[in-house]
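Trainee: I would like to go through this model with you, contact by contact. Can we start once it is on the screen?

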Amino acid sequence: MKKSAAVLIGGVLALSSVGCGSGSTTEPGGKVQININGQPPQTQAFDRKVFDEDVAEFETANPDIDLVPHEGFMDPKTFSAKLAGGQLEDVFYVYFTDPAALIARKQAADLTDYVKDVPHYGDLKQELKDVFTAGGKVYGLPTANYTMGLLYSRTNFTKAGLDPDSPPKTWDEVRAAAKKLKDAGVTGFAEYSKSNQGGWHFTTWMKSVGGDIARKDGDTYKADFNNDKGKEVLRRLKEMRWDDNSMGDKQLLEIGDVQNMMGAGQLGMYLAAPDNVAAIVNQFKGKYDDYGLAAIPEQKGTLLGGEGYMINPKATPEKIKAGLKWIQWKYLNPDRLEGNLQKYKDRGQPVGLPIPPIADIWTGEPRKKQEDLKAKYATMPVKNFQAYVDGSEKTKGSLEPPQAQQVYAILDSVVQATLTNSDADHSALLKDAETKVNAVLAQVK
């Protein structure tokens with residue numbers, strides 16, 4: 001949800017005047033030319049510079065491959081037209097919500113016979129590889145992911161007499177902490193409830209208590225929140241909002257409002273992924289030392305999101321091999337970790353959060369290596385975020401529901417009513433939303 005919104009605002013893919021996924025495999029001189037997207041826009045100066053430097057370094061190390069970078073990421077609205085018109089890049093970026101549909105429509109190359117030669121493929125987290133797998137075949141590679149956790153103010157925890165090194169592990173503990181934070185003069189807990197973000201976070205809550213939003217029922221999907229789990233989530237929100245008044249009177253919040261509250265020192269806790277810490281520091285004048293990140297309360301499940309790359313189904317074997325070599329070298333390369341971290345630190349970029357260039361995608365030896373190097377090059381107190389990293393190893397992440405944005409828009413109203421009306425009928429809200437969501441899910445093929 002959050003990643004796709006940020007990327008689509010940052011720049012939409014435009015049709016290139018140069019054919020991308022078609023044409024000859026090799027150039028004169030025997031080079032394999034591949035078109036790649038994922039190049040950051042000029043407005044993201046640091047990320048653009050690193051990307052372009054990596055392209056040049058890769059081509060030097062692989063003189064038989066010519067990379068042709070294209071700005072932009074995944075735009076589902078133009079994807080099919082680009083593919084049909086021969087304008088889709090050979091290597092293209094996708095969100096975790098994209099692969100299932102692309103695979104079903106045969107819009108990505110089968111990489112099964114090629115990934116066995118990709119170094120460290122076996123060390124990637126299985127649940128991330130599963131996003132790109134269907135029918136026992138592999139169609140892409142994950143390069144970064146996030147799961148939702150609990151972001152909190154260490155400063156306000158101390159002010160409220162709470163231990164910032166021992167964040168809440170259950171929703172009962174969250175409620176108790178929120179009350180103490182309120183008594184200390186700050187909003188204890190905040191929640192989104194508009195712009196589809198209330199539905200997005202309701203989904204996270206459902207997963208945390210062992211529930212979900214949709215379930216597969218034969219060949220179709222059905223809503224799966226009008227049950228005891230859904231009622232539990234709304235009950236907990238009602239208790240903090242109305243019984244304890246630990247969520248404050250101002251509601252109908254979205255992500256920018258809550259980040260601003262945290263950056264201004266006015267908030268105790270909210271649900272978030274690690275990139276929110278960097279956003280608060282960069283956009284709302286926070287300090288890394290002031291924040292902590294813990295695992296999702298209860299740890300019965302959490303919302304999983306992320307990104308990866310797939311390859312044009314029209315690509316030749318030579319292009320597939322070259323494309324996979326680029327993806328592995330650029331995004332999935334433990335041998336480049338230390339150099340990347342040194343570069344980030346030397347150029348004044350934050351190091352220590354589980355986000356690129358140290359994405360939380362590894363198991364085994366690469367994971368251990370990454371954690372050791374993260375501690376070595378950290379520009380912030382890594383221990384503040386260790387509870388989240390440890391928790392992600394134990395908590396199963398699962399993807400957003402089909403037709404996620406339409407579903408979230410419907411669920412917004414459920415969260416809004418709960419937070420703005422003390423007498424809201426939770427059963428009626430969930431039943432009405434179930435009917436509407438089932439109508440949306442019936443469109444899924």
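Trainee: Leaving aside neighbours within four places in sequence, which residues is arginine 154 in contact with?

Mentor: Keep in mind that this is a predicted model. Arginine 154 lies in helix 7 (residues 154-159), and its relative accessible area of 11% makes it buried. Once neighbours within four places are set aside, the residues in contact with arginine 154 are Pro164, Asp165, Asp289, Asp290, Tyr291, Gly292, Lys383 and Asn384.

Trainee: How many salt bridges does a search of the whole structure find?

Mentor: A pair counts when a side-chain nitrogen of Lys or Arg is within 4 Å of a carboxyl oxygen of Asp or Glu. Searched on that basis, the whole structure gives 32 salt bridges.

Trainee: Is arginine 48 buried or exposed?

Mentor: Arginine 48 forms a salt bridge with aspartate 52, at 3.3 Å from N to O. Both residues lie in helix 2 (residues 45-61), four residues apart, which is about one turn of the helix. Aspartate 52 has a relative accessible area of 31% and is partly exposed. The cut-off for buried is under 20%, so arginine 48, at 12% relative accessibility, counts as buried.

Trainee: How many residues apart in sequence are the parts that glutamate 254 and lysine 194 tie together?

Mentor: The closest N and O atoms of this salt bridge are 3.9 Å apart. Glutamate 254 is partly exposed at 23%, and lysine 194 is partly exposed at 31%. Glutamate 254 sits in the loop between helix 10 (228-243) and helix 11 (255-263), while lysine 194 sits in the loop between strand 8 (187-189) and helix 9 (197-208), so the parts tied together are 60 residues apart in sequence.

Trainee: What is the relative accessible area of lysine 374?

Mentor: Lysine 374 pairs with glutamate 371 in a salt bridge whose closest N and O atoms are 3.2 Å apart. The two residues are three apart in helix 15 (residues 364-377), about one turn of the helix. Lysine 374 is buried, and its relative accessible area is 2%.

Trainee: Are helix 17 and helix 18 roughly parallel or antiparallel to each other?

Mentor: Helix 17 (residues 404-420) and helix 18 (residues 426-441) have axes 9 Å apart and pack at about 175°. Angles over 145 degrees count as roughly antiparallel. The two helices are therefore roughly antiparallel.

Trainee: How many residues in the contact of helix 17 with helix 18 are nonpolar?

Mentor: On the helix 17 side the contact includes Val407, Ile410 and Leu411, and on the helix 18 side it includes His426, Leu429 and Lys436. The residues of this contact divide into three polar, one charged and, for the nonpolar class, eleven.

Technical notes. Residues numbered from 1 in each chain as written. Predicted model: local features only at pLDDT ≥ 70, side-chain atom pairs only at ≥ 80, totals over all residues. Heavy atoms only, no water. Buried < 20%, exposed > 50% of the residue type's maximum accessible area, 1.4 Å probe, protein only. Axes fitted to C-alpha atoms, helices over the stretch in contact; angles between N-to-C directions. Parallel < 35°, antiparallel > 145°, perpendicular 65-115°, else oblique. Contact = heavy atoms within 4.5 Å. Nonpolar A, V, L, I, M, F, W, Y, C, P; charged D, E, K, R; others polar.
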